Amino acid sequence: MLLAIELPRFHELMTTGVVTAVHTAPGTALAPGTPLIDVRVDLSEAAAQDCPPVSWFRLVCREHGVLRALTAAEGSELAPGARIGLVTTTPDEASTGEPMRAARLTVAGILPPDTAW
Amino acid sequence: MNTLPLTLGRVLPAPTTLQRSGMRWLVPDGAHCRAGDVVAYCNVGVRGGDALLKSSLAGEQRDWQIALALTVPGVLRRGAGASRGGFLDQMQYYDTWREDEAIGTLELDAATVVPAAAFDPLIFAGHRALDIAEVRTGLFTGWHDRARAWWGGTGAPFGTLACLGICEQRNIIRGESGAFLELFAAVQGPAHVVHYPDDALVPAAPILLDQIARTPAQQQAIVEDIARSFGAGPAVPGGRDFMMLGALVNALVRSPLTESLAVTAPTAVTTADHPDAILLSILSESSLLLRHKRLGYWMQIHGYRLGETGPAFHAWLRANFEQVRRSLTDVARDLGMLVDAVRARGTTQVLVLNAVSTLGTEQVQCYAPFPRPLGKTLGTVRARETNAMLHDLSRSHGIRIVDGDALAAEFGARQHIPDRVHSSGVLQQATRDEIVRILHEGDVPGFVPRQREHRAGTR
């Protein structure tokens with residue numbers, strides 16, 4: 001079964017998220033708990049703002065399968081709902097065509113990277 | 001129907017007199033107002049050479065305002081000529097504060113007893129971050145590195161609350177308009193509230209401890225070192241870098257928790273030598289601080305502020321400061337030392353606003369996938385660990401926790417504080433009420449909660 005990995009809408013008001021880390025690569029066997037990507041969401045992206053409402057999230061897989069494609073590269077800016085990868089539940093099935101459904105994901109709020117400058 | 005002349009009343013002990021601007025009205029003519037509504041304000045200054053008052057309010061003279069809150073409800077009728085518009089309503093040079101002068105009338109509700117005074121004066125004093133930061137556009141506007149207010153109609157003893165946190169604390173204290181109106185609506189007074197914004201320096205405990213202990217010679221050494229080192233690299237600082245640096249220097253060489261502040265009343269001008277209570281935010285205690293390589297002092301600037309500075313500023317930081325990581329144990333130790341230091345100077349209550357540990361959009365069914373310790377990766381776990389540390393500190397040092405975490409969970413974090421920092425007005429009001437409750441419970445003078453129907457605010 002072909003599943004789509006889609007960028008969740010982390011906030012009602014978010015328009016995009018920026019990928020800050022990629023934890024896996026196509027061909028990787030996935031299991032519940034496999035980290036996929038980290039995403040930075042800045043609700044002030046449309047305009048500069050004092051103390052911008054920025055949050056960081058990690059997407060973690062909740063399915064067994066094989067990652068067949070991952071289009072989310074570090075630094076890429078994506079809209080909520082954007083397809084960022086494809087998963088097949090078995091290694092030898094085709095990864096073409098329309099996915100049956102979205103892959104189930106865990107969304108976790110993570111700490112910002114520890115950089116002062 | 002009784003009509004009450006809206007006389008200004010006395011705000012300073014005789015013979016000191018005040019210059020004032022024309023009145024700026026905050027309510028329309030004919031509006032029905034409630035007790036506590038702030039209906040007008042003006043800019044003021046001391047007339048003549050009252051040396052004590054002038055020195056006490058040094059740095060605040062240009063952003064000194066008095067707002068007038070009604071003591072009883074009624075229909076407001078503006079007096080002709082009370083407001084003259086333009087600069088005459090903004091500069092304090094064009095009129096004199098006369099205690100028996102009426103600026104309008106109030107048609108009292110039938111059941112209202114005629115009060116002794118028409119107004120409770122709420123006095124604002126802003127210490128400009130930069131002398132050229134002149135913003136006379138409204139009620140307590142401007143860029144201030146210290147902003148304070150007090151109910152000025154009654155005498156001492158004032159209770160002083162000093163507030164040092166980051167932006168999650170700011171609107172709880174300053175309210176929707178930035179002029180403390182909601183907080184003062186919540187207390188009977190005489191209360192005195194001082195807010196130190198985190199524009200330049202984040203008030204983490206080691207920084208506050210440094211400021212308390214720093215001698216004038218050490219302050220001078222910091223200034224001289226910065227003068228020598230800033231711009232010493234190949235990158236040339238821009239104007240904005242210099243302004244950021246200036247704000248930073250000003251913040252470094254002062255000590256918010258040991259400043260003496262003048263508070264005025266109709267009968268006397270008194271000095272608050274130390275705050276009776278301090279409100280801190282645990283979010284000020286970041287896990288990474290900067291320490292000066294040679295002089296050893298601590299510093300922290302918000303990352304988003306650094307993002308707005310240029311390469312010369314960054315180069316100066318890299319050349320002169322090292323990054324020091326702090327564990328929760330370190331934070332607990334630093335906060336404990338700070339509590340001991342301020343208690344030794346007379347502060348009785350230390351309140352700490354805790355961290356919100358609920359993230360409305362988080363969906364974690366299992367923690368196994370995340371590296372240990374969880375608190376180094378997951379923000380919500382880190383917040384819970386931090387809050388647990390505060391409970392330990394409450395037992396060991398008697399700090400009072402303002403449980404913003406519980407309030408966020410009660411109101412709904414997703415709706416009321418979606419990024420765990422910036423909260424809704426409703427949640428801010430609930431947190432404000434909790435702060436007042438704790439201050440009252442801790443016997444801080446002036447912070448007796450007021451009945452809800454009495455509010456200081458604009459309409």
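Predicted model: local features only at pLDDT ≥ 70, side-chain atom pairs only at ≥ 80, totals over all residues.
Where in chain B is Pro373(B) found? Pro373(B) is found in the loop between strand 20 (349-353) and helix 10 (379-397).

**Cis peptide bonds**

Most peptide bonds are trans. Another cis bond links Gly189(B) with Pro190(B), where omega is about 0°. Pro190(B) belongs to the loop that runs between helix 3 (181-185) and strand 13 (191-196) of chain B.

**Positive phi angles**

Most residues other than glycine have a negative phi. Phe140(B) is not a glycine, yet its phi is positive, at about 50°. This residue sits in the loop between strand 10 (119-128) and strand 11 (144-151) of chain B. Phe140(B) counts as buried because its relative accessibility is 5%, and the cut-off for buried is under 20%.

Phe180(B), likewise not a glycine, has a positive phi of about 65°. The loop that holds Phe180(B) lies between helix 2 (167-174) and helix 3 of chain B. With a relative accessibility of 0%, Phe180(B) therefore counts as buried.

| Site | Angle |
|---|---|
| Gly189(B) and Pro190(B), cis peptide bond | omega about 0° |
| Phe140(B) | phi about 50° |
| Phe180(B) | phi about 65° |

Conventions: Residues numbered from 1 in each chain as written. Chains lettered and ligands numbered in written order. Heavy atoms only, no water. Helix = DSSP H or I, 4+ residues; strand = E, 2+ residues; numbered from the N terminus. Buried < 20%, exposed > 50% of the residue type's maximum accessible area, 1.4 Å probe, protein only.
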